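Have a go at each one before you read its solution.

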Amino acid sequence: MKNVPFKGIIAYPITPFDENESVDLPLFKTLVERLVASGSHGIAPLGSTGVLPYLTDQEKEAITEATIQQVAGRVPTLVGVSNLTTERTIHHAKFAEKAGATAVMIIPMSYWKLTDDEIVKHYDAVASKISIPIMAYNNPATGGVDMSPTLLKRLLEIPNITMIKESTGDVQRMHLLKRELGDDVAFYNGSNPLALAAFAAGAEGWCTAAPNLISELNLSLYDAIQNNDLASAQILFLEQLNLLRFIVAKGLPRAIQAGLTILGENAGHLRAPLQPLTETEITELGHILETTKVAFD
């Protein structure tokens with residue numbers, strides 16, 4: 001595979017805010033350090049978990065720099081640089097490269113539905129301005145665009161697009177990607193409840209917010225896959241499935257913020273319009289975390 005710097009568990013940190021809804025950079029660095037120390041194989045700020053669309057340009061740049069500084073080269077970094085316009089996407093991609101990011105991730109965000117040709121031109125324009133690898137991110141639930149395997153094959157003709165993150169939640173799509181794209185491209189799972197199925201389909205890694213709460217389970221699942229121990233992998237996956245479903249259903253920023261608080265970690269606040277989980281939801285999450293930990297222990 002060409003220029004593929006990621007494998008394994010790529011962890012998404014939340015972007016914490018203070019009580020005035022300003023980005024809390026010292027706390028962010030603490031949360032990033034926690035993910036690195038737990039053994040995550042990569043750190044990916046400014047994704048859905050990091051509420052990328054709710055941040056100003058200046059805040060995105062501050063988060064990018066804080067990530068690079070805190071990680072300090074110990075693991076690769078994958079910085080989200082997506083924007084509605086090509087010009088702003090280029091701006092953030094260039095900033096991330098200059099700051100020292102290992103690679104950038106781009107989802108084609110859209111208000112008007114984009115055509116395939118528009119998407120290809122968008123990615124090509126960004127790719128022409130940077131030299132680091134790009135992960136093309138397909139998540140129609142958040143981006144509003146579903147990139148078909150045919151379109152993804154077109155994108156992979158752009159030299160520095162070397163990775164695909166697939167988050168449609170359709171495991172058949174992952175098998176199609178493997179069949180159509182072969183071993184010349186790395187694809188990554190972005191659908192938490194499909195982690196085991198995605199690895200079975202040939203995913204190089206799993207991009208997930210779950211390591212904020214259950215890093216040992218996530219890493220153990222990956223290790224079992226690497227060791228071709230399917231029986232253990234199935235057990236490990238089933239132990240975390242309830243939590244994976246919960247955090248997706250309730251929204252990653254809300255659920256991870258609440259889960260960290262339950263675990264005794266300072267997770268800051270959310271930025272409106274996002275609101276904290278209800279007391280009932282927090283109780284449910286606490287029970288899931290407790291039973292998940294007991295099962296793993």
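A word on classes before we start: Ala, Val, Leu, Ile, Met, Phe, Trp, Tyr, Cys and Pro count as nonpolar, Asp, Glu, Lys and Arg as charged, and the others, Gly among them, as polar. Keep in mind that this is a predicted model.

**Exercise 1.** Describe the largest pocket and its lining.

Solution. Start with volume: the largest pocket comes to about 820 Å³. Next, the lining has 40 residues, and Ser48, Tyr137, Asn139, Thr142 and Leu252 are the ones nearest the centre. Helix 5 (140-143), strand 8 (205-208) and helix 11 (252-262) are the elements giving two or more residues to that lining, with helix 5 supplying the largest share, 4 residues. Finally, sort by class: you get 21 nonpolar, 17 polar and 2 charged residues.

**Exercise 2.** Work out which helix gives the largest share of the lining of the second largest cavity.

Solution. This cavity has a volume of about 50 Å³. Its lining includes Lys60, Glu61, His92 and Phe95. Helix 2 (57-71), strand 3 (78-80) and helix 3 (86-99) each put in at least two residues. The largest share, 3 residues, belongs to helix 2. By class, the lining splits into 5 nonpolar, 3 polar and 2 charged residues.

**Exercise 3.** Decide whether Trp112 is buried or exposed.

Solution. First find Trp112: look in the loop between strand 4 (103-106) and helix 4 (116-127). Its relative accessibility is 69%, and exposed means over 50%, so Trp112 counts as exposed. Together with Leu84 and Tyr111, Trp112 makes a nonpolar surface patch of about 490 Å².

Key: Residues are numbered from 1 along each chain as its sequence is written. This is a predicted model: local features need pLDDT of at least 70, side-chain atom pairs count only at pLDDT 80 or more; totals for chains, interfaces and linings use all residues. Side-chain values use heavy atoms; hydrogens and water are left out. On a 1 Å grid over the protein atoms alone, a cavity is a set of points where a 1.4 Å probe fits but cannot get out, and a pocket is an open set with protein on both sides within 12 Å along at least five of seven lines; lining residues have an atom within 4 Å of a point. Grid points are joined across faces, edges and corners, and a volume is the space filled by probe spheres set on the points. Patches are made of residues with over 30% relative accessible area and no salt bridge: like charges are joined within 9 Å, nonpolar side chains (Val, Leu, Ile, Met, Phe, Trp, Tyr) within 5 Å. Accessible areas come from the Shrake-Rupley method with a 1.4 Å probe; for residues, only the protein chains shown count as cover. A salt bridge is a side-chain nitrogen of Lys or Arg within 4 Å of a carboxyl oxygen of Asp or Glu. Buried means under 20% relative accessible area, exposed over 50%, partly exposed in between (1.4 Å probe, protein chains only).
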